[in-house]
Amino acid sequence: MHQLTNSGKIRRQALALGFDLVGLAPARRAEHADALIPWLEQGCHAGMGWLARDPETRAEPARLLAGARSIVCVGLAYGAELPPAKYWDDPLRGRVARFAWGPDYHDLLAPRLEELARYIGRDLGRPLAWKAGVDSAPLLERDHAARAGLGFIGKSAMLIAPRFGPLLLLGELLLDVELDDYDQPQPQACCAENRCAAACPTGALFAPYRLDARRCLSWLTIENKGDIPADVRTRLGHWIFGCDECQTSCPWPVLQPQASFALEAEHGGRGFQPSENNPNPTAGLEAPPTREQAVAALHAVFRFQPEISAPRLDELLALDERAFRERFTGTPLLRTKRRGLLRNAAVALGNSGLAAARPALERAATDADELVRTHAAWALQRLGKGPAD
Ligand code: B12
């Protein structure tokens, strides 16, 4: 017999931990699980073989946690700040997707989900089986978040929360208990136009709810370890780590001051310092943080910071292995490794069309790493054809 547990307490505790949204649903097969197989068969998962490994487990949460009865879905809003044009629009600086302006988001969400699980276990008074998911667990996260009422899935494939728009990170907790009350899904409220698909620089959103990762700048600049295909290099503009175009083109509220973001200012959030790799932004407070403090601390880590959010491309191309690690340890940018980030920086500089980009590219064209060299050579050739400053 699976006991019931109090949904209201779970919701309150999740919000107290600093999550912006929480929703509860029965643990069921993902509603759009059938979309997964054709997506994989068309090769839309690009080089991410792990996505194709066990699609049935990805579709069915009970295969991830035996006896799963409920799923707690949480959302963390991020990066809603409008970046200063002086940096963001400078073609000699790269653009980093907003989710990467702070520390690795897994380090922010996972410990909070674990804390929530311990809280639920204590409240239940018997051993609780649970499994947390943030990105890496084989779960169709957006599907469950939509069933749990966090928002709706848009044509960009993003889970869009009416209050925060698509700039929302997700996490889940599978539980082996039933809850006394579940949330209802929200109505589909995607805009009538295909603004996200029109904004995608590479046409990766080839049909509503379908994204071809092989063309998505997020895959091409982060996960892709090899060449950036020649035909998309010019489309990259100056994105060097991920891309936000399908999100920032969304008419749902992005890049606007929102109620809970205003709290940040009140509590003097000071932004994320990479040297701190600070997965617990409320540590050090004498009393347990209030909900407002917890929310403000989490939002503050996603503040725009020129050195991380829009770094100078010539500086990136001058980084050796050690300098690269020193600069990016504790940030998601480490994921591309030096060679991946310099590859992207070279392409972006080539796209700048400015003669000022030349010296850094000429140096990079002699780099020890072939990937960097070949992309720098392409960029120099492109500069040769483009307008000079
Ligand atoms: C692999 C992956 C990627 C790949 C592939 C993306 C993709 N669309 O599949 C790449 C590297 C390209 C990528 C990019 C990004 N990602 Co990503 N990614 C994932 C990951 C690990 C798996 C996604 C997956 O299972 N794909 C398989 C496809 C089939 O599933 P799906 O994309 O969820 O598609 C669903 C909908 O299309 C829906 N659907 C299908 N048909 C229909 C029809 C109707 C009518 C409806 C309503 C729905 C619907 O059902 C599908 C299955 O649930 C998830 C975490 C996770 N475990 O879920 C994060 C995740 C999806 N990514 C996330 C983020 C933030 C991003 C980026 C914004 C990062 C960036 N700024 O660069 C971009 C956004 C690109 C985009 N528009 O999807 C967040 C999204 C949060 C949100 N609010 O939706 C997630 C949930 C991570 C997290 N824990 O927060 N990502």
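Let's start with how covered helix α17 is. Of its 16 residues, 14 are buried. Buried means 20 or more other C-beta atoms, placed from the backbone, lie within 10 Å of the residue's own. Helices here are DSSP runs of H or I with at least four residues, strands are E runs of at least two, and both are numbered from the N terminus.

A word on the source. This is a predicted model: local features need pLDDT of at least 70, side-chain atom pairs count only at pLDDT 80 or more, and totals for chains, interfaces and linings use all residues. Residues are numbered from 1 along each chain as its sequence is written.

Back to α17. The helix covers residues 337-352 and reaches 23 Å from first C-alpha to last, close to the expected 22 Å. That expected span is 1.5 Å times one less than the number of residues. Just after α17, Gly353 takes a positive phi of about 70°.

Now the ligand. Its shell has 37 residues, and the closest are His32, Glu141, Asp143, Ser218 and Gly242. A residue is near if its C-beta atom, placed from the backbone, lies within 6 Å. Where does the ligand lie? Between domain 1 and domain 2, because both give residues to the shell. The domain bounds come from an automatic or database assignment.

Last, the sheet. Four strands form an open sheet, in the order β2-β3-β8-β5, with antiparallel pairing. Strands pair if DSSP finds at least two bridges between them. The edge strands are β2 and β5, and each pairs on one side only. Four bridges join β5 to β8. Trp130 has Leu175 in β8 as its bridge partner.

Conventions
A residue is buried if 20 or more other C-beta atoms lie within 10 Å of its own, exposed if 12 or fewer, and partly exposed in between; C-beta atoms are placed from the backbone.
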